[in-house]
Amino acid sequence: MPIIVKNTTFPSLLDLLAPHTCRGCGRLGTPLCDCCKKYIIKNSINFCPRCKNPKTTSKCKKCQNLPPTYFIDERSGLLNQLIHDYKYHSIRALAPILAELLATKLPQNLPINTVIVPLPTATNHIRSRGFDHTAKIAKSLAKLKHCKIQPIFLRTKNTVQVGSDKKTRLTQAEHAFTLNPKIKINPSATYLLFDDVWTTGASINAAVKKLRQAGAKKIIIALLAVSRLD
Ligand SMILES: [Zn+2]
Ligand SMILES: [Zn+2]
């Protein structure tokens, strides 16, 4: 295996040297083997992130205000383990794998003018993890779906959502990021908002609101996982 010398920070070198084991079955060589990948895709459930009702399409009949939403599965079991290992143990090799899983849930052909918009990660999280976990998956997803990425949102401060109650999170989210003044919203483009996990939906809802206010007409949401608990 060729070692990429361009990015030789300590954790990524470890990634290359330490043998991965499949989080699902323990098989050596990859953090998720093809069998376990198929297992996740086959056994995933679809429901509305907001009202939690089961749905068969990307749109919820009840929550018309919510743009079409796609995600791999509910946040539990193996998928939850993968996201945890990716974010908190910096297993960077999981980025293309998680992107691939998500791509199987998205429409095969996205509208031609689709732009991927990653939700910005708090800078203190980037520092402690050594990389921007959302941006890294967005990059893999952009490659798979042949889309561009635009950093439309900028973090305004280090808002930490962990542990806050729902109401506080909603207010925090509204102020946590702002539109990048250098980027003009194109009303004919489709904006694919990407975030890792829907917990209360505060960040995504704030992002949708800001995009709409700025003139975006077509928005879709893509997430790795959705929490079934409110
Ligand atoms: Zn496996
Ligand atoms: Zn709903």
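Mentor: Four donors count as tetrahedral if all angles lie between 85 and 135 degrees. Keep that in mind for this model, which is predicted.

Trainee: What makes the arrangement around the zinc ion (ligand 1) tetrahedral?

Mentor: The 4 donor atoms there subtend angles of 103 to 116°. That range lies between 85 and 135 degrees, so the arrangement is tetrahedral. Ideal angles for four tetrahedral donors are 109.5 degrees.

Trainee: Which atoms coordinate the zinc ion (ligand 1), and how do you know that they are donors?

Mentor: They are the SG atoms of Cys22, Cys25, Cys33 and Cys36, at 2.3 Å. Along the sequence the donor residues are spaced C-x2-C-x7-C-x2-C.

Trainee: Why is Cys22 called buried, and what is Cys25 called?

Mentor: Buried means under 20% relative accessible area, and Cys22 has 4%, so Cys22 is buried. Cys25 has 44%, which falls between the 20% and 50% limits, so Cys25 is partly exposed.

Trainee: What makes the site of the zinc ion (ligand 2) tetrahedral?

Mentor: The angles among its 4 donor atoms are 105 to 113°, within the limits of 85 and 135 degrees, so this site is tetrahedral. The donors are the SG atoms of Cys48, Cys51, Cys60 and Cys63, at 2.3 to 2.4 Å. Their spacing along the chain is C-x2-C-x8-C-x2-C.

Trainee: How do you know that Cys48 and Cys60 are buried?

Mentor: Cys48 has a relative accessible area of 0% and Cys60 has 9%. Both values are under 20%, so both residues count as buried.

Trainee: How many disulfides does the structure hold?

Mentor: The structure holds 0 disulfides.

Trainee: How many aromatic pairs are there, and why is the pair of Tyr86 and Phe131 called edge-to-face?

Mentor: There are 3 aromatic pairs. In the one formed by Tyr86 and Phe131, the centres are 5.4 Å apart, within the 6.5 Å limit, and the planes are at 75°, over 60, so the pair is edge-to-face. This pair links distant parts of the chain, 45 residues apart: Tyr86 is in helix 3 (residues 77-88), and Phe131 is in the loop between helix 5 (123-129) and helix 6 (133-145). Tyr86 is buried at 1% relative accessibility, and Phe131 is buried at 8%.

Trainee: What makes Phe153 and Phe177 an edge-to-face pair?

Mentor: Their ring centres are 5.1 Å apart and their planes are at 65°, which is over 60, so the pair is edge-to-face. Phe153 belongs to strand 4 (residues 153-155) and Phe177 to strand 5 (residues 177-179), 24 residues apart. Phe153 is buried at 3%, and Phe177 at 2%.

Trainee: What sits over the ring of Phe47?

Mentor: The charged end of Arg228 does, 5.4 Å from the ring centre.

Trainee: Which residues touch the most other members of the largest nonpolar core, and which element gives the largest share?

Mentor: Leu98, Leu192 and Phe194 do, in a core of 36 residues. Elements giving two or more residues include helix 2 (34-43), strand 1 (69-74), strand 6 (190-198) and strand 7 (218-226). The largest share, 8 residues, is from helix 4. In soluble globular proteins, nonpolar side chains tend to be buried together.

Conventions:
Residues numbered from 1 in each chain as written. Chains lettered and ligands numbered in written order. Predicted model: local features only at pLDDT ≥ 70, side-chain atom pairs only at ≥ 80, totals over all residues. Heavy atoms only, no water. Donors = N, O, S within 2.8 Å, 3.2 Å for Na, K, Ca; no water. Tetrahedral: all angles 85-135°; square planar, octahedral: opposite > 155°, others 65-115°. Buried < 20%, exposed > 50% of the residue type's maximum accessible area, 1.4 Å probe, protein only. Phe/Tyr/Trp six-rings, centres within 6.5 Å; stacked < 30°, edge-to-face > 60°. Helix = DSSP H or I, 4+ residues; strand = E, 2+ residues; numbered from the N terminus. Lys NZ or Arg CZ within 6 Å of the ring centre and 35° of its normal. Disulfide = S-S within 2.5 Å. Core = buried A, V, L, I, M, F, W, Y, C linked by side-chain atoms within 4.5 Å.
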